Number of protein chains: 4
Amino acid sequence: MDDDDRMLRWEHRTELPLALASLLFLASYAVHVLGQGLSDFWHALCLAVTGATWALFIADYLVRWRISGQRLSFVHRHLLDTMVVLLPLLRPLRVVKTYDAVQRRRGQPRLPLPLRVMAYASLSSLLLGFSGALAVLQQERGAPDATIKTFGDSVWWAAATLSTVGYGDVAPVTPLGRTIAVFMMACGLALLGAVTGSFSSWLLQVFARPEETEGPRSGDRSGGP
Amino acid sequence: MDDDDRMLRWEHRTELPLALASLLFLASYAVHVLGQGLSDFWHALCLAVTGATWALFIADYLVRWRISGQRLSFVHRHLLDTMVVLLPLLRPLRVVKTYDAVQRRRGQPRLPLPLRVMAYASLSSLLLGFSGALAVLQQERGAPDATIKTFGDSVWWAAATLSTVGYGDVAPVTPLGRTIAVFMMACGLALLGAVTGSFSSWLLQVFARPEETEGPRSGDRSGGP
Amino acid sequence: MDDDDRMLRWEHRTELPLALASLLFLASYAVHVLGQGLSDFWHALCLAVTGATWALFIADYLVRWRISGQRLSFVHRHLLDTMVVLLPLLRPLRVVKTYDAVQRRRGQPRLPLPLRVMAYASLSSLLLGFSGALAVLQQERGAPDATIKTFGDSVWWAAATLSTVGYGDVAPVTPLGRTIAVFMMACGLALLGAVTGSFSSWLLQVFARPEETEGPRSGDRSGGP
Amino acid sequence: MDDDDRMLRWEHRTELPLALASLLFLASYAVHVLGQGLSDFWHALCLAVTGATWALFIADYLVRWRISGQRLSFVHRHLLDTMVVLLPLLRPLRVVKTYDAVQRRRGQPRLPLPLRVMAYASLSSLLLGFSGALAVLQQERGAPDATIKTFGDSVWWAAATLSTVGYGDVAPVTPLGRTIAVFMMACGLALLGAVTGSFSSWLLQVFARPEETEGPRSGDRSGGP
């Protein structure tokens, strides 16, 4: 219980700074990739900010590991956090969790479960698509026979991949670009599963009790004097 | 209760006119996009009708917001209506709701839940595909290296996109055309989720009680003297 | 009850002949499309057989409609049958139902529900893919810039479409070929939903009770003296 | 009961050797396909090892069939094993089962159901993709107008196929290569169903009881003095 209390206090204190750091990480990486016309000073600054925020995430991870008192089980019990340390571009995903926690504290009514899942999946798709488009663009831009040359191409490709549509008019050609693409396909599948599953259960909830959600109208009519 | 009554009365009165207006909106937009050989007068008329019906949707939305007595929560509680105001091409989707309400009033037996969901998803796909094909065609037609040149190409592309097949033999190349395409991909995913989920639950319902739906035949046989 | 009895007797008598007729229909259509080197006599024969079996399906449909004593509700209560009359290439799908009925009569243990659904979906995919490949090949073969030229191309395209993979290396270019393709996409989505849903529920059934299906081994160990 | 005991003893003894043999099979096949610069001696050795391990799987299958005392029902009750005998590249999939059994014996807590399904589906995808990429590469490498020329192309194609993205920038052109591809599409669909279904049920489990998994924080707050 003591560990839990310390963990809660730690998370409570670091929540907001880390959320800001994650947005800073994404912004500095985006400026580094997209700002080709900028001077070397700005690129060095962006890389420094990117590195510093990454170090921050690792430090937070280690502190929470120590507080938890767990051993290796911490790694797979906090799988999202572990992936964040390896791929800090995913860090902004925790913002959703933060927002959820803030809403709960204020005692505001939360969205129904499937809508929350869909919101989470949508936000994840947006972040993943944006991060993936940046990373692939950085790899592909210099390749001689690349079809992904601008950020617009890259975003278009990311959308076609995450939705598993896959036109193939633009596609990565470098080994590293393709590796990132395979990772995005796997995430696209998982997101598809999340959207499909939550949509399915939402539909069942909404339609399964027609008396409560839709019925009052017809109920009043048939039951009225 | 008073608000609810007024809302019901308002919806009851505006239901049919707005359904007709939504079809008028779609028709005038279609004529504007597809009728390239028409004179300027007809194009101006179509745009006028399109604008007028759009204004009608906004007016209806504002009136219902005021009647509801809700504040900002109205926006996300009536998410479909909010999206309709921004993207009136989606307005005809409410026709499904209207049809459902009319059926219920007449006391006719409604289709089983998953079949209704599938009907809804199919009709949504048709409307979304038709509207999207029109909108993309309008953007792509003039681009120099466009592959979508006729309405046939556009519909073919829309079908391949909504089903997430994505051949890529025709695909939008302009930024605005691609933006519309990304929106359609997102909707395609949601529709896929709806179809998958409803099909899944329908199968479970049908097969889970073989005695009632399939059994009488074998039941009579085994129970016969 | 009288109507039901007559319906059962009718179905019992026509089951086997109609199943054979549906295979005959498919075979004669396939020979007509694939046997380009055959003489005109054979093509005329094939078309005659195709037409005769189609007429048979329509006759059976009308007889069962009359026996049922239902009015228009018969059309959507027997949706698969109605579609068969319009698209007799789907007729062989009823073979699955026939097989199921035969198995039940013999009192043989039926497969668990989700496996049956998956078998049904797989067989449907095979039949739909085969029929669709034939129909598209017939439309595309003569087009000047067609990419689908042989039956192999056509089957390859059908597989890529039904699985929603959609490479796009071969794709229909004629309006009628594309119309058939859109119909196959819609069916591909429905099959995907069936496979996904049944797989999902099968997994839940299998894994949800680990004591019964997997447990005996560990159960003996922990419970042994 | 005697048969079951003997079966358990047999499976207990052969579990580890067969798991090693399956990895040996995959390794020797991979060396044969990828090691084009190796001398004939090594290729002959690889083929010999591949053949020997395949024979081992068939022998194990026959022994277990005989022990089971079942007749033809053994074939479809042990469907995965039957497929392994025909397509030994799938054999390593049983490694997951072995790992699961070992974990259970040690009395270690197993992963929650949907996570186990997702782990199983992920591992299956990896093995299937690797095996399929090898098999397709072997068929395509020599074709004159092939787009799959290196192992990198082949893996890239396999990933795009299993995720049903299907860019189409590289695709098999030989009949045998396309046959393998169709088989992989079918498996991709099944895996998609497994991932979607397990993700869906996992989400429902996690979110359905917010008091247990997420609630302590807010529960303490509202219940505190």
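## Exercises on a predicted model

In chain A of this predicted model, 63% of the contacts with a separation of 6 or more are between residues 24 or more positions apart.

**Exercise 1.** State which kinds of element chain A contains and how many of each.

*Solution.* Step 1: count the elements; chain A has 10 helices and zero strands. Step 2: read them in order from the N terminus, which gives α-α-α-α-α-α-α-α-α-α. Step 3: turn to the cover of the chain; 47% of the 225 residues in chain A are buried. Step 4: take the accessible surface, about 11,600 Å², of which carbon and sulfur atoms hold 67%.

**Exercise 2.** Check the span of helix α7 of chain C against its number of residues, then describe its cover.

*Solution.* Step 1: helix α7 of chain C covers residues 151-162, which is 12 residues. Step 2: the expected span is 1.5 Å times one less than the number of residues, so α7(C) should span 16 Å. Step 3: the end C-alpha atoms of α7(C) are 16 Å apart, which agrees. Step 4: nine of the 12 residues of α7(C) are buried, among them C:Trp156 and C:Trp157. Step 5: after α7(C) comes C:Thr164, with a positive phi near 60°.

Notes:
Residues numbered from 1 in each chain as written. Chains lettered and ligands numbered in written order. Predicted model: local features only at pLDDT ≥ 70, side-chain atom pairs only at ≥ 80, totals over all residues. Heavy atoms only, no water. Helix = DSSP H or I, 4+ residues; strand = E, 2+ residues; numbered from the N terminus. Buried < 20%, exposed > 50% of the residue type's maximum accessible area, 1.4 Å probe, protein only. Contact = heavy atoms within 4.5 Å. Areas by Shrake-Rupley, 256 points an atom, 1.4 Å probe, with all protein chains shown as cover.
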